[in-house]
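Trainee: I would like to go through this structure and ask what stands behind each label. Please set the values against the definitions.

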Amino acid sequence: MNFADLGLSDELLRAVDDSGYSEATPIQEKAIPSVLMGRDLIGIAQTGTGKTAAFVLPMIDILGNGRSRARMPRSLILEPTRELAAQVAENFEKYGKYHKLSMALLIGGVQMGDQIKALEKGVDVLIATPGRLMDLFSRGKILLTGCNLLVIDEADRMLDMGFIPDIEEIASRLPKQRQTLLFSATMPPPIQKLAAKFLSEPKTVEVARPATANVNIDQKVIEVRSDKKRDVLRELLRGEGVKNAIIFSNRKTMVRELYTSLKRSGFAVGQIHGDMEQSDRIAEFDRFKNDKITVLVASDVAARGLDVRGVSHVINFDVPWQPDDYVHRIGRTGRAGAKGTAITLATREDAEALGRIEHLTGTKIPRITLGDAPLSEVAAETEDKAQRRSRKPAGEEKAPRRGRSKAAEPKREPAAAQTERSPLEDAPIEKKPRRERARTERDRAEDARPRAEPAIEDAGEGGWNGPLPSFLSVSLS
Ligand code: ADP
Ligand code: MG
């Protein structure tokens, strides 16, 4: 649907037009009219579906009437991470350019003094992470009694990060008479409870998971032995059509290792993982966004929800253990109309995890066996080519392909290719012996720690080394 039919003001439509968007996404189309009418709302839609503008746009028009008062923000948006908070601020700058609204960003790692100064003046929009906001409460520096609009964004992510008690505390300090919006990719029971407690007669708008419907993402699994993964990764990255790529690994140690080895191989690469200072993460992410680097190695927690436009490839160096993580990872590509490719490297141990992913997404991901096609082509090929190949009889599949260009030929010994292929092709993937399984489970428990990486607030005071972000306190005019 066209933005013009949603009841937004002319100034706002002009700003949307300037940003190059013509059609509202389904969640925007469903949410915006209700928000404009002042209703509480639960918006459920997967990552990358445009939830930010679904609340930012109507908020700009709602806040466009009325004035801010000192130390009393008129609206509050809670975000789980600093990156997401910063992205929301960017959205307000972009869409609010014809409105005179002020905002402040309250996130860990930025000098508290500057944030307080911005607040003293009074702001229309306060964008905060729960930890930092709680901090400010305890210092008595902020009043939320004038705050009539609350947005709890990325609620499921908040839950993952243990922020629900903070959110309850914060919400209870806001006036009872207010409008509350909650956005989430999923609605697990604790989020339902939160919504029941803090929203009143909410309208629920839901958009089907794009994981099942996102035809813009060309998904593939490459079956590979684990000791060959790095070679395969390098070949994929050198492939045609790889404009830029985010590589996900399940463990932060592996993120670091991959970063080092890719750097050594000459790639313009960066990394983000939970052990890094938040300021370094933001800096690294900015380098990727600005095309200073073309490859970003990331862990799930560090990268979830990050808004990178136009990522051509997502490569899962490991199959994620949680099927939801797969959906979040591949959501980095194929966003808002652009085509993208998601390639997952899988060993025979990953059969179970892949099965769970395919169950969740309701799609069978085409398998590619090494030696079947030059990897440089795999990275660039289209979905139907892959499907045609997977339909070929097995004998034909093994036949050497004609017309490969020498340059695209993987630099691999034929013997190695043979050993790589046979264990996967010849034996059906089966359950591991019990002892091995037990060890893997213990390893998993250990490795599962990155999911509980210190919350971003933990980076602590003074973690920000760079210049203050321009949107810390700005007048939009
Ligand atoms: P979510 O919060 O649902 O994960 P975002 O709000 O971050 O998604 O939006 C994902 C991407 O889609 C962003 O790059 C955003 O600029 C883009 N986008 C949002 N709305 C539209 C639209 N109407 N048309 C095209 N692209 C859009
Ligand atoms: Mg979002």
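Mentor: A salt bridge is a side-chain nitrogen of Lys or Arg within 4 Å of a carboxyl oxygen of Asp or Glu. The model is predicted, so local features need pLDDT of at least 70 and side-chain atom pairs pLDDT 80 or more, while totals for chains, interfaces and linings use all residues. Residues are numbered from 1 along each chain as its sequence is written, chains are lettered from A and ligands numbered from 1 in the order in which they are written, and side-chain values use heavy atoms, with hydrogens and water left out.

Trainee: What makes the contact of Arg173 and Glu169 a salt bridge?

Mentor: The N to O distance between their side chains is 2.9 Å, and the definition asks for a nitrogen and a carboxyl oxygen within 4 Å, so the pair qualifies. Side chains of opposite charge can pair when their charged atoms come close.

Trainee: Why is Glu223 called buried, and what is Arg367 called?

Mentor: Buried means under 20% relative accessible area, exposed over 50%, and partly exposed in between (1.4 Å probe, protein chains only). Glu223 has 16%, so it is buried. Arg367 has 25%, so it is partly exposed. The side chains of Arg367 and Glu223 meet in a salt bridge at 4.0 Å, N to O. Arg367 lies in strand 14 and Glu223 in strand 8, so the pair ties together parts that are 144 residues apart in sequence.

Trainee: What is Asp227 called at 52% relative accessibility?

Mentor: Asp227 counts as exposed, because 52% is over 50%. Its salt-bridge partner is Arg225, with the closest N and O atoms 2.8 Å apart. Arg225, at 29%, is partly exposed. The structure holds 19 salt bridges.

Trainee: Why is helix 4 described as mostly covered?

Mentor: In helix 4 (residues 82–95), 11 of the 14 residues are buried. Among them are Leu84, Val88 and Phe92.

Trainee: What makes a group of residues a nonpolar core?

Mentor: It is a set of buried Ala, Val, Leu, Ile, Met, Phe, Trp, Tyr and Cys residues joined through side-chain atoms within 4.5 Å. The largest one has 41 residues, of which Phe55, Leu57, Ile77, Phe92 and Ile127 touch the most other members. Helix 3 gives the most to this core, with 8 residues. In soluble globular proteins, nonpolar side chains tend to be buried together.

Trainee: How do you know that strand 9 and strand 11 are paired?

Mentor: Two strands pair if DSSP finds at least two bridges between them. Strand 9 (residues 245–248) and strand 11 (residues 295–298) have 4 bridges in the parallel sense, so they pair. Ala245 stands opposite Val295 in strand 11. Strand 9 also pairs with strand 12 in the parallel sense, over 4 bridges, and there Ile246 has Val314 as its bridge partner.

Notes
Helix = DSSP H or I, 4+ residues; strand = E, 2+ residues; numbered from the N terminus. Expected span 1.5 Å × (residues − 1).
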